[in-house]
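Good morning. Please look at the model while I talk.

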Amino acid sequence: MAIVVMKFGGTSVANVERIRNVARHVKREVDAGNGVAVVVSAMAGATNQLVAWVREASLLHDSREYDAIVASGEQVTAGLLAIVLQSMGVPARSWQGWQIPILTDKAHGAARIMDVPGDKLRERIDAGEVAVITGFQGIEPEHNRIATLGRGGSDTSAVAVAVALKADICDIYTDVDGVYTTDPRIVPKARRLSKISYEEMLEMASLGSKVLQTRSVELAMVHRVRTRVLSSFVAPDAMPPVRPGEQTDIGTIVCDEDEIVEQQVVSGIAYAKDEAKVTILKVADKPGIAARVFGPLAEANINVDMIVQNLSADGRHTDMTFTVQASELPRALQVLKSARDDIGYFDLNSSADVVKVSVIGIGMRSHAGVAASMFKALADKGINILAISTSEIKISVLIDAAYAELAVRTLHSLYGLDAE
Ligand code: ADP
Ligand code: ASP
Ligand code: MG
């Protein structure tokens with residue numbers, strides 16, 4: 001018997017009819033003799049509604065109460081799916097995070113999973129019962145409080161459950177039939193990748209492709225969990241059940257890079273709209289200034305991403321530009337204003353009207369010239385680059401938000417990713 005973890009996102013469980021469709025996917029695996037754990041998200045829009053209510057109640061709210069509220073969406077879907085499965089003659093039981101328990105740290109709102117004891121679940125699954133588990137939540141054991149894993153966190157719950165159960169595969173069912181070369185909603189010519197390496201998927205996710213939560217890819221990579229992204233919108237009986245060791249060309253498998261035979265230089269393009277740019281005008285061009293700028297930001301737990309320091313025209317002063325998450329911009333400006341006397345600068349300006357576009361590919365390790373061709377293609381379209389950052393397998397540029405789609409489409413064609 002194979003152990004299969006199946007995760008269904010919000011659009012896949014948007015109403016009771018969709019939940020019935022999910023139950024048919026689950027029944028297919030059960031009928032094939034597989035042991036199944038299902039991880040569910042809240043119904044589409046439910047988490048947004050809960051978050052909106054919390055904000056309406058108070059902008060400055062207690063994060064433990066935020067978690068108590070937003071975790072409730074998943075509880076509804078887990079119960080509903082268990083009921084629907086039972087009505088189809090499939091033994092099933094719902095499990096909330098605290099019941100398993102999925103143990104987390106104390107970072108309410110963005111908690112990390114510390115441990116998932118799998119024994120109890122495994123016994124029930126071996127006895128033929130489907131475990132339907134609430135995604136996105138766990139319990140922080142010291143204070144016995146519900147904790148949530150950050151938006152998109154059900155992907156991470158699914159991978160963690162797969163680790164705990166030593167599952168053969170972690171199937172992430174969503175509203176697209178795999179990981180594409182870029183967001184298929186922006187570029188209709190995007191192509192489905194049949195395989196993508198953990199490293200590339202990690203970059204894609206962290207650079208804005210929200211098809212998988214970044215932390216889920218990290219966890220899958222560390223534990224070498226075979227993770228597949230596929231669509232719940234395909235008819236349940238048109239899909240073959242999981243058979244250990246059998247390969248099909250369904251969805252996208254996230255796997256080791258050695259498994260990928262035909263490696264492209266660039267495998268995918270990601271974009272992130274939640275960046276904001278800060279420029280500090282006229283700081284002294286001398287040792288120690290960068291530490292005085294970034295020290296207080298780090299102390300305030302604000303992550304700085306791209307950094308550019310302009311050449312000094314007079315040899316004495318320079319401008320410094322960097323990016324932070326857009327949601328952190330007000331705090332970042334506050335921190336810099338409080339540190340103004342210590343840093344010594346003329347003025348500050350900022351903009352959230354920027355987007356980070358990234359090209360990703362492990363082929364870049366052995367190929368020169370990717371950055372040069374990228375910059376030229378953007379220049380030919382009249383797109384100005386505000387900041388650049390690179391790693392071994394990616395190049396990111398910050399540009400005006402208005403050019404986001406044009407840039408993604410241009411680069412998608414440039415690197416030969418367009419579908420015929
Ligand atoms: P779920 O609710 O199932 O978790 P998400 O909305 O979180 O679904 O993720 C699926 C969405 O991710 C797709 O609808 C698609 O628009 C978006 N997406 C962004 N980048 C990509 C990509 N490279 N490949 C596939 N989907 C992508
Ligand atoms: N329901 C949560 C969210 O909308 C978790 C998830 O769907 O993965 O962020
Ligand atoms: Mg998601």
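One definition before I start: a residue is near a molecule if one of its heavy atoms lies within 4 Å of it. Keep in mind also that this is a predicted model.

Ligand 1 comes first. By that definition, 17 residues surround ligand 1, and the closest are Thr 174, Asp 175, Tyr 180, Asp 183 and Arg 185. Sorted by type, the residues of this shell divide into 6 nonpolar, 6 polar and 5 charged.

Some of the contacts here are polar. Tyr 180 uses its backbone: a polar atom there is 2.9 Å from a nitrogen atom of ligand 1. Arg 185 uses its side chain, where a polar atom lies 2.6 Å from an oxygen atom of ligand 1. Lys 210 also has a side-chain N or O atom 3.3 Å from an oxygen atom of the ligand. As for cover, ligand 1 taken alone exposes 570 Å², and the protein buries 88% of that.

Now ligand 2. Around ligand 2 you find Ser 41, Ala 42, Thr 47, Glu 74, Phe 136, Arg 151, Gly 152, Gly 153 and Ser 154. That shell divides into 2 nonpolar, 5 polar and 2 charged residues.

Which atoms of Ser 41 and Ser 154 approach an oxygen atom of ligand 2? For Ser 41, it is an N or O atom in the side chain, at 3.0 Å. For Ser 154, it is a backbone N or O atom, at 3.0 Å. Thr 47 has a polar side-chain atom 2.8 Å from a nitrogen atom of the ligand. On its own, ligand 2 has 260 Å² of accessible area, and the protein covers 86% of it.

Phe 136 lies in the loop between β6 and β7, the latter being residues 137-140. Its phi is near 75°, a positive value in a residue other than glycine. In general, most residues other than glycine have a negative phi. Is Phe 136 buried or exposed? Phe 136 is buried, because its relative accessible area is 4% and buried means under 20%.

Lys 282 has a positive phi as well, near 55°. Lys 282 sits in strand β14, which spans residues 275-284. With a relative accessibility of 44%, Lys 282 counts as partly exposed.

There is one more backbone item. Ile 100 and Pro 101 are joined by a cis peptide bond, with omega about -15°. Pro 101 is in the loop between β3 (92-95) and β4 (103-104). Most peptide bonds are trans.

Take Val 5 as an example. Beyond its neighbours within four places in sequence, Val 5 is in contact with residues including Ala 37, Val 39, Val 161, Leu 165 and Cys 170.

Definitions and conventions. Residues are numbered from 1 along each chain as its sequence is written. Chains are lettered from A and ligands numbered from 1 in the order in which they are written. This is a predicted model: local features need pLDDT of at least 70, side-chain atom pairs count only at pLDDT 80 or more; totals for chains, interfaces and linings use all residues. Side-chain values use heavy atoms; hydrogens and water are left out. Contact means heavy atoms within 4.5 Å. A polar contact is a pair of N or O atoms within 3.5 Å; within protein, one must be able to donate a hydrogen and the other to accept it, and residues adjacent in sequence count only if both atoms are side-chain atoms. Accessible areas come from the Shrake-Rupley method with a 1.4 Å probe; for residues, only the protein chains shown count as cover. Ala, Val, Leu, Ile, Met, Phe, Trp, Tyr, Cys and Pro count as nonpolar, Asp, Glu, Lys and Arg as charged, and the others, Gly among them, as polar. Helices (H or I, at least four residues) and strands (E, at least two) are DSSP runs, numbered from the N terminus. Buried means under 20% relative accessible area, exposed over 50%, partly exposed in between (1.4 Å probe, protein chains only).
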